[in-house]
Protein chains: 4
Amino acid sequence: MKQFRILIDCTDKKGLVYKISKLFFELELNILSNHEFVDSENDKFFMRSVVEGNIEEDILRKKLENILDSNVNLNLVAPGKKNIVLMVTKESHCLGDILIAYEAGELEANIIAVVSNYDLLQPLVEKFNIPYFCVSHLDLDRDTHETKVLECLSQFKDIDYIVLAKYMRILTPNFVKAYATKIINIHHSFLPSFIGANPYKQAHERGVKIIGATAHFVTNDLDEGPIISQDVINVKHDHSWQDMRGAGRDVEKITLSRALKLVLEDRIFVHKNKTVIF
Amino acid sequence: MKQFRILIDCTDKKGLVYKISKLFFELELNILSNHEFVDSENDKFFMRSVVEGNIEEDILRKKLENILDSNVNLNLVAPGKKNIVLMVTKESHCLGDILIAYEAGELEANIIAVVSNYDLLQPLVEKFNIPYFCVSHLDLDRDTHETKVLECLSQFKDIDYIVLAKYMRILTPNFVKAYATKIINIHHSFLPSFIGANPYKQAHERGVKIIGATAHFVTNDLDEGPIISQDVINVKHDHSWQDMRGAGRDVEKITLSRALKLVLEDRIFVHKNKTVIF
Amino acid sequence: MKQFRILIDCTDKKGLVYKISKLFFELELNILSNHEFVDSENDKFFMRSVVEGNIEEDILRKKLENILDSNVNLNLVAPGKKNIVLMVTKESHCLGDILIAYEAGELEANIIAVVSNYDLLQPLVEKFNIPYFCVSHLDLDRDTHETKVLECLSQFKDIDYIVLAKYMRILTPNFVKAYATKIINIHHSFLPSFIGANPYKQAHERGVKIIGATAHFVTNDLDEGPIISQDVINVKHDHSWQDMRGAGRDVEKITLSRALKLVLEDRIFVHKNKTVIF
Amino acid sequence: MKQFRILIDCTDKKGLVYKISKLFFELELNILSNHEFVDSENDKFFMRSVVEGNIEEDILRKKLENILDSNVNLNLVAPGKKNIVLMVTKESHCLGDILIAYEAGELEANIIAVVSNYDLLQPLVEKFNIPYFCVSHLDLDRDTHETKVLECLSQFKDIDYIVLAKYMRILTPNFVKAYATKIINIHHSFLPSFIGANPYKQAHERGVKIIGATAHFVTNDLDEGPIISQDVINVKHDHSWQDMRGAGRDVEKITLSRALKLVLEDRIFVHKNKTVIF
């Protein structure tokens, strides 16, 4: 018995569920879970099914392609570990949260490398026998540095996702293009509040009573990509911005780890600048 | 064009979605939303579809019955206002929250009566031109009082739901049986914590840091029925139990109103002592 | 025995607590609660005490003034009902939440009037025997309309607070100045996200996973005043912006009512653009 | 300049704040923060001050003792790293969360050892150069095993706190007595719901819509000690109990780490079976 995750999205049309469920029935697949959503505003249909059966991936793909129109996006995935690269700067809380889950076998991923612009987190990462690459940005302009980072990444053939686990440098469109739809980031504010630098200082300055964090796909617009998950925490007048940053660490790591899990389980559709998550 | 809510639950079996979606396709129904869940532990299938089309309710029902096995539970509902009776004692926050939504036309219901064991809330209810029935329990034993309440309720033919909006008396199995699966209650604790009398005092005594409220269907076991919704709020050492009760009012009213909305929109399946909510 | 709330804020200085607690001791006052906060960044001291004793308000005030420097802000209040005016447009959920609490005697306030630019909510308000004033903005420019609103308000001598309970018009600096530090507003977003018109549409457009509401004092900058309270609720891809607005109603009313309670209990200091809340 | 945390609790009495603040003034101490609480139900006064000044700890202690009655509990602490021992069984999420914070220097503690009844987590702990002691319970009765654990712990002289970071064995009164008020535990439910074994299975069985975790001091009654912190997370009908356990991990680790921080910062008073936390 093999398991498959089938993600379909297309222009909405009568009979889609019928055609797909007919195929599942004929192929004698067990439907383990099934989610559908019609975005009526944009006339879009989204469906994610997890099925189980005695069939080869290639054959199932072909069968699905046969019944679906050519303009349908089909993503057929057999569950398994994806290859991810983590990028970090100096803070360890998001990185550490992922490493601990990884070590416990709770992550559906291989961490093939950690890349950083500092060597500060090298000792931590190497405890977990993961290669660490320090590509310092010192004395380099943004483009030169990024080119070096891209060179570093290029040695890894099959990167499924790059996880910016508090990587504190802005990526250029060039970088984003090279790994389009494959980069997720944790932003340390409740977006769209406090875009940009030092959101905790901004939040403190504004006197908000709740702070948050946002995990999102990275697009060319800084902190403007499709949001995957968000979470918040209450703060009070006696929180300095440093206290906010401290309290925010828990929210950041939980939010990023939750988003990473959704990504690794193929639960997310991206449409325009938004996500549909089953 | 008519709209229908179709709720189906039965033993899980291959081909159910196929058969149902085939029927929808043949009848040229638009599927506005579609949710499925397989409870693999209990081998149960749940499905809720909202469809739209040119078909009479009776015909659709017959068509559905034709394709479904006899052991399938089918609930076909045309959206519309349900008849509800509210029962209260002395507190107005849950009642008031429902009245304000009702007045604004936000409730998919007719409030046909409010029944209470006190006359305290009569002035409030009558502002909204809703009949108020005071059935005092003074000098009556439990059974005699309840019989009088049941008599009072018996004048209303088509009660869809009875909402215990802080009705502070325990119902006997006799009452529960008369309105089986039709009674929802708000309990002022985060069940199963603090079952029974004065949960805020119990919570204060225990020194909890979070209190909550639970909306549930009423069964014979006090505070043990299927849970519909729950919510919580943080408390601190400086909350007296009266402060907790005050803070809890918001949680209670929100939780009950949210549950009532789910009930009125036919979003809930009850299976054993649990709910499946789409 | 009389009760007083004493709010003191000034530049931080050694011995303040000593001097004040010495006075309380000499006057044989019971300290029911005592909160202090030093904003070390701005070198500011805040203190709120609730005390009880056999002393006249005037005498206590004089005694306090004698021991405090001239640059200290002293606010001495005897608990009691404050006079508030509610301003609304068409939506009833925030208004209704306040009315129900008011009717139950849970509000430390007299609602002396409700003012609106529509007559839609008149029937609801008059159920509660509260004067309703409709000052239509139709065919009037902003200044002319606001002048009429100010005239309407001018008939009430002792307005302690004006509560904008979903009043959907922007106030001019002229209005804000007339009731400086006395106006609180509910904004239907998690500020500073989605300032301005239709925040739910903005939130839906952005694809956020959490929406919120913010109660704040009104200053000249739209939605930029000192924040009193905020709360949030999770949303998903299947929430249309109308669903978000519906879900947001609960958050709005709870957040505004909570802020109103804090205001009426004299728990808030405003310093620069922020609040200190005990 | 030295910093001190001063915690005072006693029967409430007029003039306490006056006497203490007078001493602070005379000793020219800066008050960095000051919190008081009167539990009027139990007639108890609690105060925590953080002060800064040119004074020796012994002298300050003596001065405080001089002005306070003999029945006053005084706890004077100079900030610094406390010695903690972690106890674990097989799960790494709480342990890992503490280790990552420890490695980052965010923990006001020395982890002097990790003790477990399995060797499973030894590799993880030793990455961080912390001694790991496996005291297997296999083939031992409860008392014999616990005696061996106590022997193991006895080699460490100055244990300030023992943190049960998912130590899945029940401690006997003998153990609890040996480290009275020094043991904190994370229970994987929202106490007092689901006391005892496998709370996630119990929660799933009950069909709750929210699950939680509780950090508390350990007393002789299982899961009945004073609660330090609690947090919750929403669940749905499609969470199996294993899913609940997975989702609960985040709540458990955050709740325990938060409680540990409060403990290490000397922010907690325990009175009867409750905590007062500043």
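The model is predicted, and local features need pLDDT of at least 70, side-chain atom pairs count only at pLDDT 80 or more, and totals for chains, interfaces and linings use all residues. Residues are numbered from 1 along each chain as its sequence is written, chains are lettered from A and ligands numbered from 1 in the order in which they are written, and side-chain values use heavy atoms, leaving out hydrogens and water.

Now show chains A and C together. The same surface serves both copies, as 100% of the contact residues of chain C recur in chain A; contact means heavy atoms within 4.5 Å.

Next, select chains B and D. Chain D can be laid on chain B by a turn of 180° and a shift of 0.0 Å along the axis, with an RMSD of 0.0 Å. These two copies are thus related as by a two-fold rotation axis. In chain D, the C-alpha nearest the axis belongs to D:Ser193, 2.4 Å from it. Here too the same surface serves both copies, and 100% of the contact residues of chain D recur in chain B.

Return to chain C and select helix α3 (residues 93-103) and helix α8 (residues 241-264). Helices are DSSP runs of H or I with at least four residues, numbered from the N terminus. The axes of α3(C) and α8(C) come within 9 Å and cross at roughly 45°, where axes are lines fitted to C-alpha atoms, for helices over the stretch in contact, and angles run from 0 to 180 degrees between N-to-C directions. That makes α3(C) oblique to α8(C) (under 35 degrees counts as roughly parallel, over 145 as roughly antiparallel, 65 to 115 as roughly perpendicular and the rest as oblique). To see the contact, show C:His93, C:Cys94, C:Asp97 and C:Ile98 in α3(C), which meet residues of α8(C) including C:Arg249, C:Glu252 and C:Leu256.

Finally, select A:Tyr18 and B:Tyr18. Their rings are stacked, 6.1 Å centre to centre with 5° between the planes (rings of Phe, Tyr and Trp, its six-membered ring, pair if their centres lie within 6.5 Å; planes under 30 degrees apart count as stacked, over 60 as edge-to-face and the rest as tilted).

Definitions and conventions
Helices (H or I, at least four residues) and strands (E, at least two) are DSSP runs, numbered from the N terminus. Copies are superposed by least squares on the C-alpha atoms of residues with pLDDT of at least 70 in both.
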